[in-house]
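Visitor: Can you walk me through this one? I have the model open and would like the plain version.

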Amino acid sequence: MYRREFLKTAASCLGALGFVKDSWGAQVSGVDAGSSKSASAGGNRIYLNQIGFLPDSSKVATVSTRAGSFLVRSLKDNSVALRSTLSAQRLDNASGDSVQSADFSTLKVPGEYRIELDSGVSGDSFLIRKDVYDNALLLTMRSFYGQRCGCDVNLGGKYAHPKCHMDAAFHASSGKTGRCDIHGGWHDAGDYGRYMINSGITTGTLLWAWESYGASLHDFALRIPESGGKVPDFLAEIQWNLQWMLSLQDNDGGVWQKQSRDDFCSFIMPQDELGPNYVIGTGSVPYKSTCATADLAAVMAIAARCYSSYAPAFSQQCLKAARAAWSWCQNNPNVFFKNPAGIHTAEFGDNDCRDELLWATAELWRTTGDAVFHQAFMGMLPQPLATIKIEAPSATQVTSRGYWSYALAGRNRSDAAVAAIQQATLKTARELVHQSSENGYGNSLALEDYAGGSNAVVANHSLLLLIANQFEPDSSHLDCALNNLHYLLGRNCLGISWGSRSWVHTPSSIRIIGLVSPTISLRHGRVYYQMGRMPIPRTRSPRRCRAKRRCVCMSTMSALIPATNRSLVAMPRWCSFSLHFTHNRATDE
Ligand SMILES: [Zn+2]
């Protein structure tokens with residue numbers, strides 16, 4: 001079944017079951033209102049990045065209503081800035097849509113525009129500007145602040161809540177007992193748990209963004225409580241979660257898997273989830289888990305590099321924690337986590353921690369240059385080296401991050417290993433570029449990639465592409481990475497921006513496109529569901545807001561290049577969703 005047909009069927013069925021409220025059903029039916037020229041959710045069938053484009057980047061819209069030519073009109077003086085023909089029609093396999101492309105890449109003059117088809121259909125306005133994505137980056141980074149646990153949060157307006165989850169205790173599965181003073185970190189995507197595995201890839205990627213693009217991020221003001229301090233805002237926000245991660249490290253170096261209640265709460269505000277917030281372990285000796293401990297080692301090794309100039313003592317604390325965690329893993333390489341009895345929050349289990357250990361070892365070597373780490377890393381490489389495979393990373397599969405960190409370290413390395421890593425990365429990057437060319441909406445997702453958290457998948461594709469571009473500069477890599485950003489911001493079969501201030505989305509669509517069941521989705525998005533009894537924030541396309549849907553504009557993006565991964569979320573009503581963004585500031589420089 002094509003995705004569009006699935007939407008109709010699912011909306012119909014769920015509506016009958018009472019899951020679907022009015023706006024949901026209206027939105028889904030709006031998706032299919034192809035003959036209408038209205039601007040409701042993709043109703044004009046011109047799909048593009050709803051925020052806009054960088055002047056020198058490629059610019060393509062996907063059109064799923066038949067037309068022959070198009071023009072781009074400047075909204076400043078109503079003049080025609082560009083005329084061109086649409087591509088031939090072709091089938092987009094994922095949606096079942098017959099689509100054409102409108103390529104207006106040659107238009108580079110900053111301004112506000114819209115696309116008009118010769119069939120009489122007009123698209124929504126968009127911008128071409130050098131700083132077109134800056135506000136999305138700001139919102140995204142502030143959304144991490146919005147996810148904070150254990151402190152007052154005030155994003156302005158009604159987006160506020162007092163301290164939460166201050167009542168903490170060791171669960172019996174942790175090997176310890178009694179109350180403890182462990183709080184902080186970021187709430188997970190939809191529930192109020194905090195999970196080491198998710199924190200690992202999230203904070204690790206954000207810190208990589210800082211390492212690669214710190215010059216652009218140094219003065220980026222996030223208006224968070226730490227603003228104005230010695231630590232740049234970008235690092236200060238990340239530090240909030242790092243400190244919680246450190247607090248989950250036991251004295252022996254091992255790291256507990258997570259902190260949460262025993263089960264998901266209902267849709268209440270975080271401060272209303274009362275009772276002990278448990279530090280949860282494996283339930284038997286040694287109680288800590290290998291994957292969580294190795295993830296912490298990797299992230300703290302990166303943090304030691306990032307904070308050395310701004311918070312030297314914290315940097316040293318991170319490095320000490322990383323070394324202790326790595327040593328613990330040497331003695332406990334195969335302690336896997338399963339939810340202990342009585343615990344029903346997210347498990348994030350993983351029965352293979354070799355990738356986390358590879359990543360931790362590479363990062364520790366990159367930070368310290370110690371021979372012991374180099375020797376260990378080389379011992380983990382497959383032989384022959386040509387068998388190295390690179391895949392886009394995920395929360396539980398971080399092998400590529402280890403390889404990339406080694407190849408990017410800038411230390412005396414094994415040339416053969418670096419060459420093998422680079423070649424494997426470039427091979428996968430070429431495959432993604434090809435995949436993107438086959439996709440009617442220009443993104444690099446294959447059919448099987450449209451799963452729960454698929455926005456994370458597509459964003460991690462972009463991370464891979466940007467790393468490939470560091471190895472071998474190639475405009476096709478950058479274009480493909482940007483196409484994935486365009487997908488996230490509106491160039492998709494639903495005409496949905498997954499997180500920004502220019503959007504057209506409903507929770508239903510977000511849920512359905514991920515094929516996530518209502519049962520699961522109903523467990524998500526609590527804080528914004530409750531706080532979000534607020535109108536949709538300003539959008540540049542007021543017509544899109546007619547339905548007055550209560551969506552939260554804060555996206556979650558981990559920002560930047562080299563991309564981002566953060567399971568954060570745009571969380572409308574019931575659901576939230578793993579959302580990863582890439583935001584290319586580098587091409588903006
Ligand atoms: Zn909390």
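**A buried loop residue**

Guide: Phe 348 is buried, with 21 other C-beta atoms within 10 Å. A residue is buried if 20 or more other C-beta atoms lie within 10 Å of its own, exposed if 12 or fewer, and partly exposed in between, with C-beta atoms placed from the backbone. This is a predicted model, in which local features need pLDDT of at least 70, side-chain atom pairs count only at pLDDT 80 or more, and totals for chains, interfaces and linings use all residues. Residues are numbered from 1 along each chain as its sequence is written.

Visitor: Where is Phe 348 found?

Guide: Phe 348 sits in the loop between helix H7 (312-331) and H8. Helices (H or I, at least four residues) and strands (E, at least two) are DSSP runs, numbered from the N terminus. The phi of Phe 348 is near 50°, a positive value in a residue other than glycine.

Visitor: What about Arg 223, what is its phi?

Guide: Arg 223 is not a glycine, yet has a positive phi of about 55°. Arg 223 belongs to the loop between helix H4 (196-217) and helix H5 (233-247).

Visitor: Is Arg 223 buried, exposed or partly exposed, and why?

Guide: Arg 223 counts as partly exposed because it has 13 C-beta neighbours inside 10 Å.

Visitor: Switching to the whole chain. How many helices and strands are there?

Guide: The chain has 16 helices and 16 strands. Of its 589 residues, 56% are buried. Among contacts between residues at least 6 apart in sequence, 70% join residues at least 24 apart. Two residues are in contact if their C-beta atoms, placed from the backbone, lie within 7 Å.

Visitor: Now sheets. What is the strand order in the open sheet of five strands?

Guide: The order is S2-S9-S8-S4-S5, with mixed pairing. Strand S2 (52-53) and strand S5 (80-85) are the edge strands, each pairing on one side only. Two strands pair if DSSP finds at least two bridges between them.

Visitor: And how do S4 and S8 pair?

Guide: Strand S4 (residues 69-74) and strand S8 (residues 111-117) pair in the antiparallel sense over five bridges. Ser 74 has Tyr 113 in S8 as its bridge partner.

Visitor: What does S3 pair with?

Guide: Strand S3 (residues 60-63) pairs with strand S7 (residues 98-103) in the antiparallel sense over four bridges. In S7, Gln 100 is the bridge partner of Val 63, and Asp 103 is that of Val 60. Strand S1 (residues 46-47) also pairs with S3 in the antiparallel sense, over two bridges, and Tyr 47 has Thr 62 as its bridge partner there.

Visitor: Which residues of S3 are buried on each side?

Guide: Val 60 and Thr 62 are buried on one side, Ala 61 and Val 63 on the other, and both faces of S3 are covered.

Visitor: How many residues lie between S6 and S7 in their hairpin?

Guide: Six residues lie between S6 and S7, and Gly 96 in the turn has a positive phi of about 85°. Strand S6 (residues 90-91) pairs with S7 in the antiparallel sense over two bridges, with Leu 91 opposite Ser 98.

Visitor: Last one. Which residues in H8 meet H10?

Guide: Among them are Leu 358, Trp 359 and Arg 366 in H8, while the H10 side includes Arg 401, Ser 405 and Tyr 406.
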